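Here is a short briefing on side-chain pairings and helix packing. Have the structure open as you read.

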Amino acid sequence: MSNPEIYSLNSRKVAEATDEWLIKRGVTKLAIAELVHFLQKDYFPDLTPEDCIVHVDAVLSKREVQNAVLTGIQLDILAEEGKLMPPLQDMIKHDESLYGCDEILALSIVNVYGSIGFTNFGYVDKLKPGILVRLNSKTDGEIHTFLDDIVGAIAASAASRIAHRRQAEREGVTQPPLD
């Protein structure tokens, strides 16, 4: 017999909310997959954006990733609405260069996928290719201080997952790492 007063969150609802909020903020899985492809195409010329979507989905299936996505988007929205306390409001609104909590939240995603994920994240965060150009632009009135880093981290993690799986395939390992 279950106690209705005991807290329990439905994992499917968290996953659905993650997908829903990414779309509401203008981020598609294909846009993330294009970043993954950008990061890995030189190493795996046969890689397609469709292949990359499989790995983006795998990264997004992890609760730690979903938590970071939902938290970051919520903070961005609160900043858009002017609902944060000063000076945090201005730091997030203007993506203050000395405010690194957005990168730290994104690194919580990359941390699941090892050192390749870290280096890919740094690279994509510096270049800001693909959808990251729009998320980082600050011209449409939306604030994506957290989301641009989170999207980069998801792409970097999926790229790391591909690299690890391809190496496992070369070695004939049946249980690849970083599922």
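Rings of Phe, Tyr and Trp (its six-membered ring) count as a pair if their centres lie within 6.5 Å. By this rule the model, which is predicted, holds two aromatic pairs. A search of the whole structure also finds twelve salt bridges.

**Aromatic pairs**

- Phe38 and Tyr123 are stacked, with 6.1 Å centre to centre and 10° between the planes.
- This pair links distant parts of the chain: Phe38 sits in helix H2 and Tyr123 in helix H7, 85 residues apart.
- Phe38 is partly exposed, at 28% relative accessibility. Tyr123 is partly exposed too, at 44%.
- Tyr99 and Phe146 have ring centres 6.2 Å apart; their planes stand at 80°, so this pair is edge-to-face.
- Tyr99 lies in the loop between helix H5 (88–93) and H6, and Phe146 in the loop between H8 and H9. The two are 47 residues apart, and the pair links distant parts of the chain.
- Tyr99 has a relative accessible area of 11%, so Tyr99 is buried. Phe146 is buried as well, at 2%.

**Salt bridge between Arg166 and Asp46**

- The closest N and O atoms of Arg166 and Asp46 are 3.1 Å apart.
- Arg166 belongs to helix H9 (residues 147–171), while Asp46 is in the loop between helix H2 (29–40) and helix H3 (49–60). They are 120 residues apart.
- Arg166 is buried, with a relative accessible area of 17%. Asp46 is exposed, at 53%.

- Lys128 forms a salt bridge with Asp125, the closest N and O atoms being 2.6 Å apart.
- Lys128 also meets Asp148 in a salt bridge, at 3.4 Å from N to O.
- Lys128 lies in the loop between H7 and helix H8 (131–137) and Asp148 in helix H9, so their bridge ties together parts 20 residues apart in sequence.
- Lys128 and Asp148 are both buried. Asp125 is buried too.
- Shared partners join Asp125, Lys128, Asp148 and Asp149 into one network of salt bridges.

**Packing of H6 and H7**

- Helix H6 (residues 101–110) packs with helix H7 (residues 114–127) at an angle of about 140°. Their axes are 9 Å apart.
- The crossing is right-handed.
- H6 makes the contact through Glu103, Ala106, Leu107 and Val110. H7 contributes Gly114, Gly117, Phe118, Phe121 and Asp125.
- By class, the contact has five nonpolar, two polar and two charged residues.

How values were computed:
Residues numbered from 1 in each chain as written. Predicted model: local features only at pLDDT ≥ 70, side-chain atom pairs only at ≥ 80, totals over all residues. Heavy atoms only, no water. Axes fitted to C-alpha atoms, helices over the stretch in contact; angles between N-to-C directions. Helix = DSSP H or I, 4+ residues; strand = E, 2+ residues; numbered from the N terminus. Left-handed = near helix turned anticlockwise from the far one by under 90°. Contact = heavy atoms within 4.5 Å. Nonpolar A, V, L, I, M, F, W, Y, C, P; charged D, E, K, R; others polar. Salt bridge = Lys/Arg side-chain N within 4 Å of Asp/Glu carboxyl O. Buried < 20%, exposed > 50% of the residue type's maximum accessible area, 1.4 Å probe, protein only. Phe/Tyr/Trp six-rings, centres within 6.5 Å; stacked < 30°, edge-to-face > 60°.
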